[in-house]
Amino acid sequence: MKKIYLLLIIVISTSLNLGCEKDKEYSDYNMDMYAMGSYINVTIYSQTTVDNQIFDSIKNTIVNIDNNISINNEEIISEIDKINKNAGKKYVSVSKDTFELIEESIKYAKETNRHNDISIGAVVKLWNIGFENASVPNDKDIDGALKLCNIDDIELDYKSNSVKLRKQGMIIDLGSIAKGYVGEKVKSIILDAGYEKALLNIGGNIVCVGTKSDNLPYKVAIRDGNKGNNDYLGILEVENKSVVSSGIYERNFKQNGKLYHHILDTNTGYPVKNELLGVSVISENSTYCDALSTALLSMGAKEGMKFVESRDNVEAIFITKDNKIYLSKGIRDKFKLTSQDYKLM
């Protein structure tokens, strides 16, 4: 299931020229690239020079994962392409990252009662939202594609790191979780190299490693989905956590005057219908954030908030179409509303 890239798009306070630790000033070391259909920026804050090999390792990791999981790159045949091509036929051996990402996707699909389900790929392909040929499929085609969507029909062979789809025609699509996984991998590279402070923007997914150099939180802006890409409705203070958002307005199209967005209902095959404009998820694990951002938007505000409040490791911001904002308990003192167009509930 494809998800949007930039509901949460900017970090308000990224300057770390803010204090001293052992009388040494922090400097920022940056890397920019385009991958996974998105702009990616990695900034490491350090009192010593960051070796370029760290950034080379980060770039190689991102490119390798992207090449292995993409299903929309005509220049390569990815591991996911091979799995989908051999659906109903045989197991396909994959890399450790691809196997782990599929395994985590299955786990989160079951945890969220399939509100984020990578087996919905056949339905996603019918709609093609985000591409020039996006259009509303007919009901017969949707019904046929839905029969191919079942997370339990993904088989994993742990001994050989192989994956098989039981039904011919099945398609898995990791677009709703892949950037979160990449964020975790990049964070691990940075921490393993001994750096404790960094800020990652993985196609709009924000990963805050540690705190700023003065030990104060990062300030992350939450985008106003009713306005432009650079407009935000509030600021969230974040320490050593990721913030990932999904919304109904970034990737959509109109047909016969009706708007269709990219968050698809795994039961109906049509875009999710509820009161939500967008959701931002906050947790220590970026992969979990990415999976839940789509799932919570699909659940709706009431069910989504119940889900969040029943867990200790996640917080969320729910933004409704009628400009109301609902905050989970753990972040009510960390969010500041800056737009007069919205009301905190």
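Reader: How do the axes of helix α3 and helix α6 cross?

Author: Start with the terms. Helices (H or I, at least four residues) and strands (E, at least two) are DSSP runs, numbered from the N terminus. Axes are lines fitted to C-alpha atoms, for helices over the stretch in contact, and angles run from 0 to 180 degrees between N-to-C directions. Here, α3 (residues 96–111) and α6 (residues 178–192) have axes that come within 11 Å and cross at roughly 125°. Therefore α3 and α6 are oblique to each other. Angles under 35 degrees count as roughly parallel, over 145 as roughly antiparallel, 65 to 115 as roughly perpendicular and the rest as oblique.

The model is predicted: local features need pLDDT of at least 70, side-chain atom pairs count only at pLDDT 80 or more, and totals for chains, interfaces and linings use all residues. Numbering runs from 1 along each chain as its sequence is written, and side-chain values use heavy atoms, with hydrogens and water left out.

Reader: Which residues in α3 and α6 meet?

Author: Contact means heavy atoms within 4.5 Å. Asp97, Glu100, Leu101 and Glu104 of α3 meet Ala178, Tyr181 and Lys185 of α6. That contact divides into 3 nonpolar, no polar and 4 charged residues. Ala, Val, Leu, Ile, Met, Phe, Trp, Tyr, Cys and Pro count as nonpolar, Asp, Glu, Lys and Arg as charged, and the others, Gly among them, as polar.

Reader: What do α7 and α8 bring to their contact?

Author: Tyr288, Leu292, Leu296 and Met299 come from α7, and Glu303, Gly304, Phe307 and Val308 from α8. The axes of α7 and α8 (residues 301–309) come within 7 Å and cross at roughly 145°.

Reader: Which residues have the most contacts inside the largest nonpolar core?

Author: In soluble globular proteins, nonpolar side chains tend to be buried together. A nonpolar core is a set of buried Ala, Val, Leu, Ile, Met, Phe, Trp, Tyr and Cys residues joined through side-chain atoms within 4.5 Å. Here the largest has 106 residues, with Val42, Ile58, Ile102, Ile154, Leu296 and Ile317 having the most contacts inside it. Its largest share, 8 residues, comes from α7 (residues 286–299). Beyond four places in sequence, Ile154 touches residues including Ile102, Ile118 and Met170.

Reader: Is Asp32 buried, partly exposed or exposed?

Author: Buried means under 20% relative accessible area, exposed over 50%, partly exposed in between (1.4 Å probe, protein chains only). Asp32 has 45%, so Asp32 is partly exposed. Asp32 is in strand β4 (residues 27–35). Leaving aside neighbours within four places in sequence, Asp32 contacts Tyr39, Ile40 and Asn41.
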